[in-house]
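Please read this briefing beside the sequence and the 3D view, which are shown just below. The overall make-up comes before the individual residues.

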Amino acid sequence: LCVLARFSYSLNDIFIGRMARRYGQVEVAAFRGVSLGVSMAPWLWLVPAGAWRALWAHAGALSLTVTVTAVANILQLRAVRYLPFGLRAALMICTMAACSLLIGWGVLGERLTPLQVGLCVVLVGSGVAVALGSHAAG
């Protein structure tokens, strides 16, 4: 399921990279949200009913998260319109991994095992490898 979701995200990023150069930031962010919602929403049927009840118990935190994410998506799409796709993808992967680690450690008190640290290095390293070479926009 995780691999399928990552594949959908990757396809979405490819198409959004082209759209971001042609359309306004609000249109691109709306298309990105709708397309990801359509491609991933069917998987929500696999979520147990108890998890949905637990989610609604935190409606305020959910609303804040959705709002911050929407603003961040618009700002990110505004910034990456000027970057070649390979570099854009590498920066996004590296920053998502780093921010997830920092939030997990600082807010949730999570600790990584040596295996997880190794996999993080592979993830960031693969993002850097993608950015190598010529990435002429156009």
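Helices (H or I, at least four residues) and strands (E, at least two) are DSSP runs, numbered from the N terminus. By that reading the chain has six helices and zero strands, and its elements, taken from the N terminus on, run α-α-α-α-α-α. This is a predicted model, in which local features need pLDDT of at least 70 and side-chain atom pairs count only at pLDDT 80 or more, while totals for chains, interfaces and linings use all residues. Residues are numbered from 1 along each chain as its sequence is written, and side-chain values use heavy atoms, with hydrogens and water left out.

**Confidence**

- The predictor's confidence in each residue is given as pLDDT, from 0 to 100; the chain averages 78, and 88% of the residues score at least 70.
- Within the chain, confidence is lowest in H1, at a mean of 73, and highest in helix H3 (residues 49-56), at 88.

**Burial and contacts across the chain**

- A residue is called buried under 20% relative accessible area, exposed over 50%, and partly exposed in between (1.4 Å probe, protein chains only); buried residues make up 17% of the 138 residues in the chain.
- The chain exposes about 9,900 Å², of which carbon and sulfur atoms supply 75%, with accessible areas taken from the Shrake-Rupley method with a 1.4 Å probe, where for residues only the protein chains shown count as cover.
- Contact means heavy atoms within 4.5 Å, and among contacts between residues at least 6 apart in sequence, 68% join residues at least 24 apart.

**The largest nonpolar core**

- A nonpolar core is a set of buried Ala, Val, Leu, Ile, Met, Phe, Trp, Tyr and Cys residues joined through side-chain atoms within 4.5 Å.
- The largest such core has seven residues in all, namely Ile16, Met19, Ala20, Val28, Ala29, Leu77 and Val80; helix H1 (2-22), helix H2 (25-40) and H4 each give two or more residues to this core, and the largest share, three residues, comes from H1.
- In soluble globular proteins, nonpolar side chains tend to be buried together.
- Leaving aside residues up to four places away in sequence, Ile16 touches Val28, Phe31, Arg32, Leu77 and Arg88.

- Arg32 is found in helix H2 and counts as buried because its relative accessible area is 8%.
- Not counting residues up to four places away in sequence, Arg32 touches Tyr9, Asn12, Asp13, Ile16, Asn73, Gln76, Leu77 and Met92; the C-alpha atoms of Arg32 and Asn12, 20 residues apart along the chain, are separated by 7.1 Å.
- Leu36 also has its place in helix H2, and Leu36 is buried, with a relative accessible area of 12%.
- With residues up to four places away in sequence again left out, Leu36 touches Ser8, Tyr9, Asn12 and Ala41, and from Leu36 to Ser8, 28 residues apart in sequence, the C-alpha to C-alpha distance is 7.6 Å.

**Exposed and partly exposed places**

- Patches are made of residues with over 30% relative accessible area and no salt bridge, with like charges joined within 9 Å and nonpolar side chains (Val, Leu, Ile, Met, Phe, Trp, Tyr) within 5 Å; a salt bridge is a side-chain nitrogen of Lys or Arg within 4 Å of a carboxyl oxygen of Asp or Glu.
- Leu4, Phe7, Leu11, Ile14, Phe15, Trp43 and Leu46 make a nonpolar surface patch of about 670 Å²; of these, Ile14 lies in helix H1 and is partly exposed, with a relative accessible area of 36%.
- Tyr82 sits in the loop between helix H4 (59-80) and helix H5 (85-106), and Tyr82 is exposed, with a relative accessible area of 66%.
- Tyr82 and Arg21 are 61 residues apart along the chain, yet their C-alpha atoms are separated by 7.7 Å.
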